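Let's take a walk through this structure together. Have the viewer open, and follow along as we go.

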Amino acid sequence: MASYYRRKKADTVFLNAKPINSGNAQAYLQGVRKYSIGLAERLDNDYIQPTNDKKRGSISTVGSNNPDFTPSVFYRSIAPVNWFLRIIGVLPIVRRGPSRAKFALNSAPFVYSVVFFVLLAFYVGYVANNRIHIVRSLSGPFEEAVIAYLFLVNILPIIIIPILWLEAKKIALLFNDWDDFEVLYYQISGHSLPLNLRQKAIYIAIVLPILSVLSVVIIHITMSDFNLNQVVPYCILDNLTAMLGGWWFLICEAISTTAYLLAERFQKALKHIGPAAMVADYRVLWLRLSKLTRDMGNALCYTFVFMSLYLFFIITLSIYGLMSQLSEGFGIKDIGLTITALWNIGLLFYICDEAHYASVNVRTNFQKKLLMVELNWMNSDAQTEINMFLRATEMNPSNINCGGFFDVNRTLFKGLITTMVTYLVVLLQFQISIPTDKGDGDGNSNVTVADMLMDSLGNDMTLLGTPSSTLAPTATTTTIPVGRSGRGRKG
């Protein structure tokens with residue numbers, strides 16, 4: 001029984017580590033490592049450093065340029081893009097302070113998001129109905145009607161808004177985890193997390209909407225009859241996809257910057273202090289950052305799965321429409337198709353490239369820093385912690401995975417482009433194989449169903465060794481006019 005009431009040994013700092021509770025900092029000081037309590041020392045004015053020779057100096061004094069703790073650095077950095085997304089009815093999350101973000105059905109942002117979505121859905125439905133009538137009235141082959149189909153596909157991003165409602169709770173939890181990570185980073189490193197991404201976020205929130213609106217207006221002028229009433233919903237939906245791409249870029253950039261700073265801070269700290277416990281503290285920081293990287297993909301799983309499929313479809317359709325009409329020369333409609341293809345290819349590339357860069361910084365670059373550590377002057381405990389740190393980086397995945405569907409990296413971009421090229425080759429071969437009769441002056445020809453069937457059957461019988469002349473082509477023929485117009489009509 002004596003062993004039962006014995007004081008519990010302090011737990012090793014690991015993935016479930018929590019920041020110091022500032023309300024009870026004085027009572028907590030003796031339970032944590034001295035170099036890990038930079039925040040608690042400043043929060044408690046009555047704190048007196050214990051006189052213990054075994055205690056090492058605080059690491060907060062090593063190269064710390066900002067001794068004051070700044071909360072919610074991550075959320076403040078991406079705030080401009082968050083506000084823009086909330087204006088267009090996305091991200092109905094309530095946040096009343098650090099680690100207090102939540103999603104509630106009875107909150108004002110969610111009610112606004114629902115009202116905005118309903119009004120936008122009616123508006124998009126009206127525009128889609130007009131586009132469907134245009135598609136039904138078209139005549140000619142499919143490649144000449146691509147523009148009309150393209151405008152129908154461009155309204156699909158409206159589905160993203162209800163998808164983000166389903167993922168709002170996970171996104172709010174991601175914001176709270178970032179706040180906890182920042183506090184833990186300060187407690188261990190001695191300074192706040194210097195992301196410095198707010199200026200980039202402001203530029204993205206201003207420049208991207210302007211470029212998006214300009215591209216939509218140019219596309220409608222070159223590819224369709226310009227109608228301001230029908231341009232407005234396309235501007236909103238195009239801004240939605242563009243700003244989600246910018247939002248993804250900022251989050252990946254925050255992860256990359258944090259991983260780089262953490263690696264540099266760890267390497268710098270090892271030059272001054274080399275205890276095994278300090279290595280364990282930095283290991284927990286890395287594990288928390290690796291978890292944030294994985295949680296990012298899980299929190300935005302269905303949104304970016306849909307975004308990837310949408311971008312793949314819109315790029316394939318626009319490039320096919322562009323290449324199928326290049327034989328007739330580069331026309332004014334091809335300008336809109338080119339802008340659509342380049343804009344969406346660039347958006348898909350940045351989504352994949354930034355996620356790849358973040359994953360590499362979190363895992364590969366950090367492993368390089370660990371491998372460069374000199375172990376000769378360290379004791380056996382510190383060397384063991386370094387080896388455990390390396391093993392943790394090998395066993396814990398740091399890839400941004402969309403809920404198990406796929407990893408978002410450059411390999412995804414390469415795979416989508418390869419699949420896209422395959423489909424384009426098949427479509428273009430199918431277009432070339434369509435029989436045309438150039439004998440008519442107006443470019444029209446009359447092909448009968450009986451002729452097509454007899455030609456096909458004759459070819460099959462020839463392969464089987466039966467002469468096709470034994471077939472009696474006496475059938476009632478139905479004439480099908482096949483014609484090609486010069487450029488097709490505007491979508």
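Which residue takes a positive phi just after α8? That is Gly190, with a phi of about 95 degrees. Do keep in mind that this is a predicted model.

Helix α8 covers residues 168-189, and at 1.5 Å a residue its 22 residues should span 32 Å; the end C-alpha atoms are 31 Å apart, which agrees. Most of α8 is covered, with 19 of its 22 residues buried. Across the chain of 491 residues, 49% count as buried.

Stepping back, the chain holds 16 helices and four strands. Of the contacts with a separation of 6 or more, 81% are between residues 24 or more positions apart.

Now for the charged pairs. The whole structure has four salt bridges. Asp179 is buried, at 4% relative accessible area, whereas Arg95 is partly exposed at 21%.

Another salt bridge joins Glu253 and Lys200, with 3.4 Å between the closest N and O atoms. Glu253 belongs to helix α10 and Lys200 to helix α9, so parts 53 residues apart in sequence are tied together. Here Glu253 is buried, at 14%, and Lys200 is partly exposed, at 35%.

Asp295 and Lys291 also form a salt bridge, at 2.9 Å, N to O. Both sit in helix α11, four residues apart, and are therefore separated by about one helical turn.

How values were computed:
Residues numbered from 1 in each chain as written. Predicted model: local features only at pLDDT ≥ 70, side-chain atom pairs only at ≥ 80, totals over all residues. Heavy atoms only, no water. Helix = DSSP H or I, 4+ residues; strand = E, 2+ residues; numbered from the N terminus. Expected span 1.5 Å × (residues − 1). Buried < 20%, exposed > 50% of the residue type's maximum accessible area, 1.4 Å probe, protein only. Contact = heavy atoms within 4.5 Å. Salt bridge = Lys/Arg side-chain N within 4 Å of Asp/Glu carboxyl O.
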